[in-house]
Amino acid sequence: MRRRLLIQVLAVAALPLFAVPVFSAGEGGGGGDGSQTTQCKKGMVWDKKLKKCVAPKQGMLDDDNIYEAGRALAMAGRYDEAIAVLSLAADKKDPRILNYLGYSHRHSGRVTVGLGYYEEALRIDPDYTLVREYLGEAHLQIGDIAGAQEQLREIEKRTGKGSREYGMLSEQIDRFMKS
């Protein structure tokens with residue numbers, strides 16, 4: 001199941017560059033129309049030009065597609081795979097990429113590494129409130145309520161109390177304080 005999701009995510013992100021044949025839920029070896037399908041091992045993608053499974057490499061996808069695939073993997077709880085995909089980005093200073101590297105490391109238990117990625121993203125774009133929300137959550141993970149509240153104030157200054165990021169972090173802080 002995990003292999004299928006990775007292949008599907010990479011297929012959507014990279015269709016213009018290479019095709020990743022996948023099985024849909026319940027399908028076996030063929031697509032029902034007699035066409036051949038190929039299933040690559042975990043961490044591999046189908047290269048249409050080479051007609052074989054290959055390890056994804058830097059330059060195969062543009063950074064927007066890498067971001068989308070990495071974000072999808074992170075949101076699916078597949079943090080190590082997300083890190084592997086996001087690490088392929090050409091622009092190592094893209095705050096979106098840094099944010100989801102931080103998110104994935106933090107959720108993998110490497111909170112300190114995640115904090116570093118969040119801080120780097122904020123050095124580049126101090127107004128990126130999603131990073132601030134996740135940074136606040138990271139502070140809560142290490143028991144730093146003051147750090148989380150600081151990020152909440154920064155979000156409020158930038159977007160007000162009505163933003164999604166403000167609401168999410170505020171809820172996390174409230175939950176933390178009640179526990």
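**Helix 7, buried side**

I started by looking up which residues of helix 7 are buried, and I found Gly147, Ala148, Gln151, Leu152, Glu154 and Ile155. Looking down the axis of helix 7, I saw these buried residues fall within an arc of 160°, so they line one face of the helix. I kept in mind that this is a predicted model. Next I asked what the buried residues of helix 7 pack against. I found helix 5 (111-124), helix 6 (129-141) and helix 8 (164-178).

**Helix 7, length and end**

I checked the span of helix 7, residues 145-159. At 1.5 Å a residue, its 15 residues should span 21 Å, and the end C-alpha atoms are 21 Å apart, which agrees.

**Helix 5 with helix 6**

I moved on to a partner pair. Helix 5 and helix 6 pack at about 150°, with axes 10 Å apart. Angles over 145 degrees count as roughly antiparallel, and I therefore noted helix 5 and helix 6 as roughly antiparallel to each other. Their crossing is left-handed. On the helix 5 side of the contact I listed residues including Leu115, Tyr118 and Leu122; on the helix 6 side, Tyr134, Leu135 and His139 are among them.

**Helix 4 with helix 6**

My last stop was helix 4, residues 95-107, whose axis comes within 10 Å of that of helix 6 and crosses at roughly 20°. That makes helix 4 roughly parallel to helix 6. I noted this crossing as left-handed. Which residues of helix 4 meet helix 6? I found Asn99, Tyr100, Tyr103 and Arg106. Their partners in helix 6 include Leu130, Val131 and Glu137.

Note on methods. Residues numbered from 1 in each chain as written. Predicted model: local features only at pLDDT ≥ 70, side-chain atom pairs only at ≥ 80, totals over all residues. Heavy atoms only, no water. Helix = DSSP H or I, 4+ residues; strand = E, 2+ residues; numbered from the N terminus. Expected span 1.5 Å × (residues − 1). Buried < 20%, exposed > 50% of the residue type's maximum accessible area, 1.4 Å probe, protein only. Arc of directions from axis to C-beta. Contact = heavy atoms within 4.5 Å. Axes fitted to C-alpha atoms, helices over the stretch in contact; angles between N-to-C directions. Parallel < 35°, antiparallel > 145°, perpendicular 65-115°, else oblique. Left-handed = near helix turned anticlockwise from the far one by under 90°.
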